[in-house]
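Subject: A structure for you to explore

Hello! Here is the structure I promised to pass on to you. Please open it beside this email and follow along as you read.

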Amino acid sequence: MHGFEQTAPDGAGRDAAGAASARLAGHRLVPLATALLQEDGRILHWSQEAEALLGYRAEHVVGSYAAQLMVTDAERPRVLALFRQIMAGRGWSGTYAVRHQDGHPVELEFHTYPVTGPGGRPLLLATASDLSALREVEEDLAVLDGFFTQSPIGMAVYDTDLRYLRLNNALARINGLPVEQHLGRRISAVLPGINSSEIEAVMRQVLLTGRPVVDARSHGHTPGDPRRDRAWSASYFRLEDSTGRVLGVSSSIIDVSERFRAEARAARAQERLAMLAAATARIGTTLDLQRTAEELVEAVVPRFADFATVDLLESVLGGEEPGPLRPDSSVQVRAVAVGEAFGSGLTQAADAVGMVSRYDPKRMYARTLVSGRPLLKPHVDEETLSGLVPTPDRVEHGMAAGIHSYLLVPVIARGMVLGGAEFARTRNPEAFTAADVALAEELVARTALAIDNARLYRRERETALTLQRSLLPQEIHRTLGLEIAHRYLPSSLVSEVGGDWFDVVPLSSGRVALVVGDVMGHGIRAAATMGQLRTVARTLATLDLPPEHVLTRLDETAMGIGEGQFATCVCAVYDPVERTCTIASAGHLPPVAVAPDGSARTLDVPPGVPLGVGGVAFTAVEFTLPPGGLIALYTDGLVEKRGRDLDEGIGLLSRTLAVRGRTLEESCDAALEALVADGTDDDIAMIMARVLPVPADRIATLPLTGEGPLPSRARRFTRATLSAWGLSAVSDYAELMVSELVTNAMLHADAPRRLRLFRDRYLTLEVSDAGRQAPRLRSSAEEDEGGRGMHLVSELAHRWGTRQTRSGKVVWAEIDLGHRGDQQL
């Protein structure tokens with residue numbers, strides 16, 4: 001057996017024992033020959049064993065004189081004299097050499113028994129065994145007995161009920177009980193401190209199958225060493241007699257406690273390495289600070305600890321840079337991840353996620369964070385726990401949960417403490433050790449680095465988002481004749497900000513420019529490029545440039561920003577008076593238009609090339625939008641998604657917007673819910689605009705045709721209109737400015753066509769003519785009779801300008817109604 005071979009004292013002992021075992025296994029039992037003799041020495045009975053021992057068959061010897069067959073003539077008188085003595089009642093036992101059938105002598109050991117036969121006649125029963133075989137068996141038994149009693153290996157024999165029949169002193173010493181206290185008892189009764197049920201199950205299996213079991217492990221404590229757990233390796237084999245009858249089980253046992261402890265240490269070390277490898281793979285998979293803390297808790301519960309929590313300094317979570325902790329200041333932390341196994345209830349003694357605790361500088365938690373070194377409490381009692389928890393009322397919950405071992409490891413990254421990670425054991429009976437501290441430090445260090453990266457990423461992302469949002473419109477002014485709603489969503493998956501933007505630019509005469517763009521790429525550079533393009537686009541639109549000219553100038557700007565800075569953009573200008581929308585695109589997705597009856601379509605706008613390509617002209621198209629109609633401008637993040645192509649996304653957007661009965665805000669929400677309910681890989685910018693009817697009392701038009709002085713007619717029309725609108729307070733300014741605009745058109749354009757007054761937040765005065773040349777402010781000498789009209793307009797107007805039309809131009813000027821009204825009052 002395995003244990004026997006490892007611990008036998010020397011090779012000779014093993015050889016002797018093996019040879020003895022082999023001989024006993026071969027002979028099983030020494031044959032016992034029997035013969036029954038009459039009082040005259042004739043043979044009455046001759047057993048089969050006698051036949052095998054001496055060679056004489058029974059039918060040949062029964063009736064013959066035994067002395068004549070088996071002894072020589074010289075020995076016969078002596079044998080006959082001994083026979084008479086035995087028959088006289090004097091029994092005899094001894095050794096004697098008799099003759100085999102083939103003539104050679106056989107040394108036998110005899111035992112004789114005078115008996116009484118039928119009729120009272122005396123008979124002699126003789127038994128005999130081969131003396132050499134007996135001596136061989138005795139020698140073998142002596143070897144085995146010596147080996148059994150002198151072997152340092154524990155050895156035992158059990159009956160079929162698994163009770164001790166025999167054991168050696170070595171096993172008695174291992175168990176710490178005398179041999180006699182074992183006999184007749186089972187292992188479970190003798191050694192209650194070991195895993196006796198498992199051992200007896202193995203022994204029953206050996207009894208049942210006959211297959212030996214080698215190196216079966218058992219463990220526990222014995223009466224001889226009750227304070228220390230030990231381990232043993234045992235081998236078992238079944239005992240049988242020559243007929244195959246099962247007699248019991250034999251075992252050999254060696255103490256392998258040191259090897260067991262070494263294996264246990266190796267197994268724990270391997271388990272720690274496996275845990276470390278698994279935790280390394282799962283911690284820090286995202287740049288989310290809380291998720292990173294949760295990954296640490298998930299990695300250690302329940303393999304390492306029954307309870308774990310990660311708390312971070314409130315200042316760190318608030319976005320502040322971590323700094324050295326002062327030993328005289330309290331520590332305020334917030335729980336960001338908590339987990340437990342088995343539902344122990346230990347969470348009642350700790351902060352729930354989101355809760356904040358303040359630790360006095362004298363408490364162990366605060367001192368540990370200040371020191372930056374782990375705090376190990378292998379054994380926790382009520383007094384110890386009271387120094388660990390932030391408030392005394394949690395001690396009772398902790399003790400009720402069964403906490404018995406505690407470990408606190410500061411979360412340190414780049415030399416600065418970010419918080420603390422706590423570990424506790426309740427059901428796991430083993431206390432935390434120095435090896436556990438090393439493992440926890442390694443896990444927490446990896447977590448701390450990931451948390452700090454997440455913190456830095458959060459700070460950088462918030463900075464970039466703040467920059468990005470600051471570059472987007474902060475307020476969308478209400479526009480007459482148009483209801484506007486918008487949405488902007490940063491990417492939920494991409495780790496950097498993007499370059500999507502939108503803008504609503506109020507223009508003269510209630511007109512408005514809607515701009516949506518998307519800088520290719522992500523990051524601070526894309527956001528900065530977006531800011532530059534948006535500023536330029538807003539400025540160009542304010543100059544009343546047509547959409548296609550705005551895109552041309554933007555293209556030049558993008559080329560000047562830097563190589564590889566491309567962007568798509570769509571620019572639409574809506575005129576609420578004419579209800580026309582002029583749209584130009586630079587490689588952007590087509591707008592979606594929805595008619596009042598709910599039919600939706602994409603507008604056929606020449607796609608153009610992205611901004612930054614250069615050298616390609618842009619084309620604008622004009623559409624008429626009916627009252628109640630809707631138009632949507634958007635970036636590709638809304639409709640493009642992994643596993644869904646653009647056409648499918650645009651079709652879904654069109655169907656979503658076609659649903660009638662929603663407000664514009666509800667339509668925006670519905671679009672986001674339908675297309676990006678589970679997040680988006682890209683930023684999203686979207687503008688929706690619905691056409692509203694312009695009230696008739698907001699517009700007044702005077703054709704500048706017919707007879708009579710046009711400036712005076714324009715002044716009278718202006719005074720009457722403003723009086724009707726309740727704006728007489730600005731009538732003087734308006735009349736003077738209208739007179740100068742009409743006069744200027746007559747002098748320099750030779751064909752004034754129309755005066756239009758438009759009232760919104762500003763009062764807009766428009767004079768259209770057939771000329772193409774924009775008016776200019778010219779210097780005039782004191783003696784000059786003209787050239788001062790536009791100077792006067794520039795001084796009186798909030799702002800003024802000109803825009804080109806298909807048939808000429810429009811010169812306009814605005815009066816700030818709020819400002820001028822306050823001045824008059």
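Where does Asp544 lie? Asp544 is in the loop between helix H18 (524-542) and helix H19 (547-561). Helices (H or I, at least four residues) and strands (E, at least two) are DSSP runs, numbered from the N terminus.

Before we go on, a word on the background. This is a predicted model, in which local features need pLDDT of at least 70 and side-chain atom pairs count only at pLDDT 80 or more, while totals for chains, interfaces and linings use all residues. Residues are numbered from 1 along each chain as its sequence is written, and side-chain values use heavy atoms, with hydrogens and water left out.

**Backbone details**

Back to Asp544: its phi is near 65°, a positive value in a residue other than glycine. Asp544 has a relative accessible area of 8%, so it is buried (under 20% relative accessible area; exposed is over 50% and partly exposed is in between, with a 1.4 Å probe and protein chains only).

Ser509 is not a glycine either, and has a positive phi of about 60°. You will find Ser509 in the loop between strand E18 (498-506) and strand E19 (512-522). Its relative accessibility is 2%, so Ser509 counts as buried.

One more thing to look for is the cis peptide bond that joins Val301 and Pro302, with omega of about 0°. Pro302 lies in the loop between H12 and strand E11 (307-313).

**Aromatic pairs**

A pair of aromatic rings is described by the distance of the centres and the angle of the planes. Here, rings of Phe, Tyr and Trp (its six-membered ring) pair if their centres lie within 6.5 Å; planes under 30 degrees apart count as stacked, over 60 as edge-to-face and the rest as tilted. The count by this rule is five aromatic pairs.

In one of them, the rings of Trp92 and Phe110 have centres 6.3 Å apart and planes at 35°, so this pair is tilted. Trp92 lies in the loop between helix H6 (76-87) and strand E3 (93-99), and Phe110 lies in strand E4 (residues 105-116), so the pair ties together parts that are 18 residues apart in sequence. Trp92 is partly exposed, at 24% relative accessible area, whereas Phe110 counts as buried at 16%.

Tyr158 and Tyr164 also form a tilted pair, with 4.9 Å from centre to centre and 45° between the planes. Both of these tyrosines are buried. Elsewhere, Phe304, Phe423 and Phe432 form one aromatic cluster.

**Charged side chains**

Side chains of opposite charge can pair when their charged atoms come close. A salt bridge is a side-chain nitrogen of Lys or Arg within 4 Å of a carboxyl oxygen of Asp or Glu, and by this rule the count comes to 36 salt bridges.

Asp161 and Arg163 are joined by one of them (3.3 Å, N to O). Asp161 is partly exposed at 40% relative accessibility, and Arg163 is partly exposed at 33%.

Another salt bridge joins Glu294 and Arg291 (3.2 Å, N to O). These two are three residues apart in helix H12 (residues 289-300), so they are separated by about one helical turn. Glu294 is partly exposed, with a relative accessible area of 27%, and Arg291 is partly exposed too, with 28%.

Are Arg425 and Asp436 buried or exposed? Both are buried, and their side chains meet in a salt bridge (3.6 Å, N to O). This pair links distant parts of the chain: Arg425 is in strand E16 (residues 416-425) and Asp436 in helix H17 (residues 434-471), 11 residues apart.

**A last stop**

Glu271 is in helix H11 (residues 257-282), and is partly exposed with a relative accessible area of 40%. From C-alpha to C-alpha, Glu271 and Arg303 are 9.1 Å apart in space, and they are 32 residues apart in sequence.

Enjoy exploring!
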